[in-house]
Amino acid sequence: MFRTILNKLNPVELTCGFHTTACLNEVRLLTRLRVVDNSEIGMRAMAEGKPPKVICVYNKQRVGFIGDRVMVAIKGQKKKGILVGLKQTQKVKVPKFDSNNIVLIDDNGTPLGTRIHVPIPTILRTILKEKTHSKGADYTKLLAIATKFV
Amino acid sequence: MAVTLRKSTELFTVAKWLTRRDCRTLSSLPEKAKLASLEVTEKAETSRRRPKKVNPLLENRHAYPEFLPDPNPKWRNSLREKLERADMLKRRNQIDIPEFYVGSILAVTIADPHSQGKTNRFVGICIERKGCGLRAEFTLRNVVDHQGVEVRYDLYDPTIHKIQVLRVEKRLDDKLFYLRDALPEYSTFSFDMDPEILPEGTPVPINPVKVELKPKPWLERWERQELQGISNIEQYLTKKDKVRRELRKTPWEKYDLMKQYRKTIPIEEQTDIWSEVNSQLQQLQLARKKSTRKRTFSAPKTQLG
């Protein structure tokens, strides 16, 4: 009560010391993600309310962008996944999602599930094709199990 | 003697009159008079309008907000603005960019090198319009398969094939970012929605729907933004939130003339801009009306055949 009166008397105090810029919603170390495929481990982790945490982002910036490979800690295991939708502000014509979505894959790029039940951005086609090399992992298998593109 | 005096005075007055006239032709006075006459004629045409001094040219600022430049004097450049306006009109001659507002439902088809059919269509509610000139952009939001998706488009993007307005509407607020925290049914629209055509001459309807928010945590402090379109915000607020809202209120800002002035383009500049582009915009509108009439006329023919 006393404090509020004080605040009212002294409105300069209201311009607070800490900054209030909008958050960037970046995918970085220990970000919680949402598994959107129907793999066994992913479904169970989401149902239990223990979504996976990022423990590594495989790029130079260490901030995950669309189509980047990440390692996640899920139900006490280490799994790899591909970011298929981000909360962060995107470039023009690239969709921005309400959650950070991930599809689990194994080391060869084969997805663990058989179906993705949310829309996938079309730009992922080009990005994943560029990331696939003839001898390395083939990430384009992920596109085959998508149900809808936006 | 007296006669010569009289003559000289007459000459003097004549010279005075002439100089005055010259001055007038040099200044912008006659143009203004012309404008006034234009207004009068247009008023006579509409005849429903009240005799109150409302310039019909200025009404364009709601339908085509991107034609007005950014009021910040740092970024003003009259030549660039003029060139941009010409480019915008050129683009509008190429594709039909309809009149829409925040809260309208749009379908945008773009050329997409990433998709299989090389085109991509997205339907959604417009939650934001911003930017001036060729940088004007709008954001569409939809919920697809229980997943909220937002796409930002440039209005004058050359890859846009078609912008279709499925429903022209306004909402109670200028920006609808609160739909991100609202229940998903308020931003769900099916992709095969049919366009709803309003009868000609009706004003743009305002949809008075009030959305229900999901419980906290929210993306922003909606309670501090004086939003009209939220119905159940009070039930989620704590006592502290309410106190803070009261303390943060700025009721004096609506009387701050200087702030208003810095946010807007003055009437004189606006009339210049609108008189420059109005005739072309009117022509485009007429062409659109003609094409819609053709479509409505040809529809029964196809049914018969």
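Tutor: Let us begin with a term: contact means that heavy atoms lie within 4.5 Å. Please keep in mind throughout that this is a predicted model. Among contacts in chain A between residues at least 6 apart in sequence, 53% join residues at least 24 apart.

Student: What makes up chain A, in terms of helices and strands, and in which pattern do they follow one another?

Tutor: Chain A contains 4 helices and 6 strands, and along the sequence they follow the pattern α-β-α-β-β-β-β-β-α-α. The chain has 150 residues, of which 45% count as buried, and its accessible surface comes to about 8,600 Å², with 55% belonging to carbon and sulfur atoms.

Student: Why is A:Ile55 called partly exposed?

Tutor: The label needs a value between the two cut-offs, buried being under 20% relative accessible area and exposed over 50%. A:Ile55 has 32% relative accessibility, and therefore counts as partly exposed. The residue is found in strand S2 of chain A, residues 53–57.

Student: What makes A:Ile55 part of a nonpolar patch?

Tutor: Membership asks for over 30% relative accessible area and no salt bridge, with nonpolar side chains joined within 5 Å. The 32% of A:Ile55 meets the area condition, and together with A:Leu29 and A:Leu30 this residue forms a nonpolar patch on the surface, with about 290 Å² of accessible area in total.

Student: How do you know that S2(A) and S3(A) are paired?

Tutor: Pairing requires at least two bridges between two strands, and 4 bridges join S2(A) to S3(A), residues 69–74, with the two running antiparallel. Within this pairing, A:Val57 stands opposite A:Val70 of S3(A). S3(A) also pairs with S4(A), residues 77–85, in the antiparallel sense over 6 bridges, and there A:Ala73 has A:Lys78 as its bridge partner.

Student: What lies between S3(A) and S4(A)?

Tutor: The two strands form a hairpin with 2 residues between them, and A:Lys75 in the turn has a positive phi of about 50°.

Student: How many residues bring chain B into contact with chain A, and on how many residues of the partner?

Tutor: On the side of chain B there are 25 residues, in contact with 26 residues of chain A. The area buried between the two chains is about 2,200 Å², with carbon and sulfur atoms giving 53%. Of the area that chain B buries against chain A, B:His114, B:Gln147 and B:Leu247 supply 29%, more than any other three residues.

Student: What makes B:Arg141 and A:Asp98 a salt bridge?

Tutor: The rule asks for a side-chain nitrogen of Lys or Arg within 4 Å of a carboxyl oxygen of Asp or Glu. The closest N and O atoms of B:Arg141 and A:Asp98 are 2.9 Å apart, and the pair forms a salt bridge. Across the interface of the two chains the rule finds 3 salt bridges. B:Arg141 also has a place in strand pairing, with B:Ile125 opposite this residue of S3(B), in an antiparallel pairing of S2(B) and S3(B) that has 5 bridges.

Student: Which strands make up the sheet of 6 strands, and in what order?

Tutor: The order is S5(A)-S4(B)-S3(B)-S2(B)-S1(B)-S5(B), in an open sheet with antiparallel pairing.

Student: Why is B:Phe122 called buried?

Tutor: Its relative accessible area is 2%, and buried means under 20%, so B:Phe122 is buried. This residue is in strand S2 of chain B, and beyond its neighbours within four places in sequence its contacts include A:Val150, B:Leu140 and B:Phe191. B:Ala107 is 15 residues from B:Phe122 in sequence, and 5.6 Å from it in space, C-alpha to C-alpha.

Student: Are B:Asp241 and B:Pro217 buried or exposed?

Tutor: B:Asp241, in helix H5 of chain B, counts as buried because its relative accessibility is 15%, under the 20% cut-off. B:Pro217, in the loop between S5 and H5 of chain B, is exposed because its relative accessible area is 74%, over the 50% cut-off.

Definitions and conventions:
Residues numbered from 1 in each chain as written. Chains lettered and ligands numbered in written order. Predicted model: local features only at pLDDT ≥ 70, side-chain atom pairs only at ≥ 80, totals over all residues. Heavy atoms only, no water. Patch = residues over 30% accessible without salt bridge, like charges linked within 9 Å, V, L, I, M, F, W, Y side chains within 5 Å. Areas by Shrake-Rupley, 256 points an atom, 1.4 Å probe, with all protein chains shown as cover. Buried < 20%, exposed > 50% of the residue type's maximum accessible area, 1.4 Å probe, protein only. Buried area = accessible area lost by both parts, 1.4 Å probe.
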